[in-house]
Amino acid sequence: MRKLNTLLTALALTLGLTTGWAQEDVTSKITNADFSSTDGWTAYVSNDTYTNYGNGLIGTYVVNSNGGAATTDGTHLNTEYCFGMEARWDTNFASYYQEVTLAAGTYTLSYDLENTNTKTKTATSNYTSYCYVSVGDTKYTDDAMEWTSTFNTWTTHTINFTLDAESTVKISLGYYVVVKKVGGDGTPCLYASHLKLQRYESLNIKVNDAEMTEYDSKMPEYSYTITNSEGKTCEPSEVLSTLPTLTATYTNSNSSTAFTTGSAPGIYSDAITATGAVAKDGYVIVSNTAGTLTIKAKNYGDVTENFDFSKGDPLTSGVCTYDYDTAKNGTTRSGMQTVPGWTENKAGNNSEGNGRSGGLYAINSGAWLGGSSYKAPTAGPNDETSGNVLGIIGVNGNEATCTATKSLEKGIHVVTIPVYNAGGTATITNKLAIASDGTTLASSSNTTYAEKEWTTETLTFSLEEAADVSITLGFKCSSGSSSAPHLFYGGLTFSQEETATAEDYEALNAAIAAAEEKTLGFDEGDYAPYNNVEAIEALTAANAIDQTVLNTKESVTSATTALTEATWTVNTEEVNAFYDGTFALAEANGAPAGWTMTNNTLGGEYHSRVLSNNDKLAGFNDTKSAFFIRFDGTNSDRGSMYYYGNTTGYTMPLKGNAYYALTVDYGGWGTSNKTLRVNVKGPEDFSATYKDLTTSVDVSTGKEESIVNPLQHSYIFKTGESDGNYTISFQAPGDDTNEQADVVSNLKLFRAGILTREGKYKNGTICYPYTLAPAEGTSIYEIAGRSSDSKTIYFSKAITETEAGKPYIYEAKQDGDGYVATFYYNTKETNVSKPVEGANQLNGTFTYTTALSNCTSGKSVYIVQKGKWVLVPETYWKSYNMTANTAYIADMDAVEEATSDASAKAMTVVYDDTTTGINGATLNSENGDIYNLRGQKVSRTQKGIYIQNGRKVVIK
C-alpha cells in the first residue's frame, strides 16, 4: 500500500525540489563522514581472512597494486580522504557500515564511487551492491553498479528515504561477491568519498488504511499541485520560499461544484464546506470552490526547531479565545493551538482545562489574544513589521505554556527572549525557564511585565557537557482575563559565551594570593577594612567565582583586573576598629555605614538613624552627631539588634588571644533611665559576652526634647585563640515591652594598654583613674567584709573589670620566686579626676602621697604591707608614705562584718604576738630586719619606737 507521504516525497524529488525545499545538512550526524578515520565505522566481511584496507588520501591511497590510487580531479582533491574496499578469495563482502539516529523527515544520502581496477573480472551479475540505508526491516538500496564496467571515473550516487518518527538507521557502503575465489587482481578496487546527508522538511499527510483505500479509488479523479507562499504553482526550477505556507490543492475534474462530505478524500472532516475549519489531524481548509479543494497543513513534517516562530499557521485576523469558548460559541480558534516544534501544555483546573489560549500570531495583524483589547504587537522587538510571535495567556489559575527542545554543546549559553504584554497588570507565576534532565538551569523572576512594550528576558546557564535543554514559555495567573497579562513572545536567540581558560584562572589565583597576603586589621602595618572597601569587594568577588564550574572568560578576566588594579591603604598607626565612630560622616537621618539591623531598615525620619548638627547632642562631640536607635515597637521591634562588623568592607578582624577595649558614650533619649546592652560576638573559639550600659535622664517632658549629657562606658574583653571577625551589637536587654530610645556616639575599639606590678608578695591594692581588666592569672576583688574578731578580711567573688577611680584588692600570679600582676586598660577612656572615696570600703590614691587622708582619730587604719594587712598607728597618719595607685582601710571597724562562708577568698590581718586586739603592728624578722633608734639591729622588741624597712613602727 502506498503512503501519501511517500508520494509527496517522490513528487518533490521528481520535480527537482530537493534544492528548493527547506533543507538541512545533517552530515555531522555521521561520525567521520569525511573518511579521515575509520572510527565510528565497522568493517563487514564474511571471514577473518579479509584485510581491512581502511582509508587514505585521494590520489595516494592504494588498496591493490593492480587497481591504483583513487583519481584526483577538480572536485576530488589530494587533501581529501576516501575509503578503499576490495573483496578477494574467500571474502564475500567488502564494506563499512555505521548506525545513526535521525529525526523524522525526508533524507537524501549522496556519495561518490570509483573503481580503479581495470582488470575487474566476471560479469556484473557476480557483484551485488552493499550500498544501502536500512530502517528496521526496510532497506533502501543503491542498485546502480556502473563501477563494475566503468573505471577511474567518479560517479555520484544517491539514496532517498523517509522517516515517520525518530529512528536508528544503518548506512552501508561497499559490495558483495556472489561467487568467491576471485583473486586480488580481478575484483573491484572500489573507493568512496564525498559522503553527504541532507534532510528535507516534507509535507507529511497521514491517513489510516481505510482512508488510503478510499484515496486510491479516487486517485484517477484528482490532480495534485504544491504552491508557494505567493499561491503560485511551483515549477521544477522554482524554490518554495516559506515552508509553513505550503498548501495541497485537489481538483475534481468531474465536478463543477465544491466538494461535499463523501466526495473528497477521507482526510477531511464533515465541515468540508467551511473555509477555515479544522480537518482531521489538524489540517485547515483554505478554500473549497467549484471543482477545487485547497487545504493547508498545520504540522509541517517533523519541525525540530522553530524558535523564530516562522514555521506554522499564524492567526492573521479574528481571535483565538479561551478553550471553554469552543463549545460556547463555536469559535474557530480557541485554547492552546498547535505550534510546530513546540509542545503546548493543556493542564488546567479540570481534565480538559479552561482559561487558556495561545498560538502563533502574525505581527501587525490586529488579531486578538483572548479578547478584543489584547492584540498582537504592531511591531516586533526589533521594530520589524512582519513575521510571527507566540501569544500565551493563562487565567483563573490555569497554567498555559509551550515547550521546545534544543541540543546545545558544552559551554556557557545565553538565551534572549523578547516579551510583549498586550495588557494586564496582575501578578503571575512565571514559567519561563530552561531545564535539562529535570533540573532547572535558569528561570525568570519577573512576576509582572510593563504593558504595551517589549521586555527582554536574558537567561544564562552553563552545560558541563553537550545536552538537550527544554525551553518553556508561559505563565500561570489566578486573576481573570481582564487583569491577567496577555503575553506575546518574540523570536528566541541563542549565543555562547567564551569560557575562561586555565591561564585565566592562573592569573586570577595569583591576584587572589597577592591580595590575601595583606593582613586586615587595625594595628600599624595592617589594612583597616573600611579604608579598603573597594579592594575587599574586588577580593570578595574574585573568591566568589566557583572555579569548579564553567565561567565566562569576561567574568574571570574582569575580576582579575579589578583585583590587580585595586588600591590598598595601609595603616600608618593604630586606628579605630569602628568606621566613623562619631557618625559625623553619615548623612543626617541616614543609615550609618557598616551598620545593619534586624526587623526593620535603617535611615529615615522616623526610623533609627544618624542625627547630626543637633544642639541636643552638644555633650557628645563637636559635630553634635550620634546614632539614634529605637526600640519602640513601631519603627523597630523591642527585640531589634543593631550590628556593626558583618558587612563587606566594614568587618572587625581582631587578633587572637589579645585584649581590646571598647569605649562608648551612651545617653538616654526620653524621660526615664535606660539600659542598653552591648554584645561582642566572634569566632567559634570565643564565648560571646556582653555588658549592660546605664545612663541617667534628667529632663522633665518630651521624648525628644533633650538628652542628658552622655556617660562614658568602657568594656575590655579578651579575644579567642585565633584571629577572626567580630561583631559589636546593641539591644534593649530583658523582656520589657516599654518603648525605648537611645543615643550612642564616640565609639572606639583599640588594643588595650598593659599594666604590670612585680614583687615578692601575692596580694596588694590598686586604684587607677581608668577601667582595668585582669589578665589570666591575676584576680581583682572587692572587700566583702571582715571576721567578727577583725583578724580576717574577706573578698568578694573575682570581678572581670574595675570601675575607673575605685580601689580594689588584687591577687598576683606567681612568677619564679616572685609574683606578677597584669592588667589591661582602655587607652582611649577619659580618666576620672580623683579616686572614689570609700568605694569597696577602701580609700585610694592616684599619686604618691606622704599622708593618709580621711582618717579619724581613734579609728584603726590598715595598709597592705608585704602581702598582709598591718595597722598604721595614728602617730604616722600624716607622715606615712603611700605609693601611687594603691589603697588602704581608713577604719577597720567600719568594714562590714561577714562570715567566711560568704566569700571565696580571705586575707589575714597580722597582729603582735602578745596582744589579742588590734593595738599594734607586728614586727618580726619575716618582714625585714628590725633596728632601734640608735641603728642597732635587735632580735626582740618591747614597747618603744623601731625602724623596719625604712619606716618607724611604734610598739605600745
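Reader: Hi! Before I start clicking around, what does buried mean here?
Author: Hello! A residue is called buried when its relative accessible area is under 20%, exposed when that value is over 50%, and partly exposed in between. Please also keep in mind that this is a predicted model.

Reader: Thanks! Then is F583 buried or exposed?
Author: F583 is buried, because its relative accessibility is 1%. You'll find F583 in the loop between α6 (553-564) and β33 (595-597).

Reader: What is the phi of F583?
Author: F583 has a positive phi of about 65°, although F583 is not a glycine. As background, most residues other than glycine have a negative phi.

Reader: And what about the phi of K624?
Author: K624 is not a glycine either, and its phi is positive too, near 55°. K624 sits in the loop between β34 (609-611) and β35 (626-631). With 25% relative accessibility, K624 counts as partly exposed.

Reader: New topic: the core. Which residues touch the most other members of the largest nonpolar core?
Author: They are W342, Y361, L390, I417, L473, Y489 and L492, and that core has 48 residues. Two or more residues come from each of β20 (356-362), β23 (388-394), β24 (398-408), β25 (411-421), β29, β30 and β31 (487-489).

Reader: Which element gives the most to this core?
Author: That would be β30, which supplies five residues. In general, nonpolar side chains tend to be buried together in soluble globular proteins.

Reader: Nice. Now salt bridges: how many are there?
Author: The count comes to 11 salt bridges. One of them joins the side chains of E305 and K406, with 3.0 Å from N to O. E305 belongs to the loop between β16 (292-296) and β17 (319-321) and K406 to strand β24, so this pair ties together parts of the chain that are 101 residues apart in sequence.

Reader: Are those two buried or partly exposed?
Author: One of each! E305 is partly exposed at 34% relative accessibility, while K406 is buried at 13%.

Reader: Which residue does E399 form a salt bridge with?
Author: E399 pairs with K431, and their closest N and O atoms are 3.7 Å apart. This pair also links distant parts of the chain, with E399 in strand β24 and K431 in the loop between β26 (429-430) and β27 (433-436), 32 residues apart. E399 is partly exposed at 25% relative accessibility, and K431 is partly exposed at 28%.

Reader: What about D523, which residue is its salt-bridge partner?
Author: D523 forms a salt bridge with R751, and the closest N and O atoms are 3.1 Å apart. D523 is in the loop between α4 (502-516) and α5 (533-543), and R751 is in strand β43 (residues 740-751), so the pair ties together parts 228 residues apart in sequence. D523 is buried, with a relative accessible area of 18%, whereas R751 is partly exposed at 30%.

Reader: Which residues are linked with D523 in a network of salt bridges?
Author: D526, K655 and R751 are linked with D523 in that network.

Reader: Where is E464?
Author: E464 is in the loop between β29 (454-463) and β30 (467-477). Its relative accessible area is 43%, so E464 counts as partly exposed.

Reader: Last stop: how far apart are V178 and N126?
Author: In sequence they are 52 residues apart, but in space their C-alpha atoms are 5.1 Å apart. V178 lies in the loop between β11 (167-177) and β12 (190-200). V178 is partly exposed, at 40% relative accessibility.

Reader: And T695 and Q712, how far apart are they?
Author: That pair is separated by 17 residues in sequence and by 9.1 Å in space, C-alpha to C-alpha. T695 is part of strand β40 (residues 689-695), and at 4% relative accessibility T695 is buried.

Reader: Great, thanks for the tour!
Author: You're welcome!

Notes. Residues numbered from 1 in each chain as written. Predicted model: local features only at pLDDT ≥ 70, side-chain atom pairs only at ≥ 80, totals over all residues. Heavy atoms only, no water. Helix = DSSP H or I, 4+ residues; strand = E, 2+ residues; numbered from the N terminus. Buried < 20%, exposed > 50% of the residue type's maximum accessible area, 1.4 Å probe, protein only. Core = buried A, V, L, I, M, F, W, Y, C linked by side-chain atoms within 4.5 Å. Salt bridge = Lys/Arg side-chain N within 4 Å of Asp/Glu carboxyl O.
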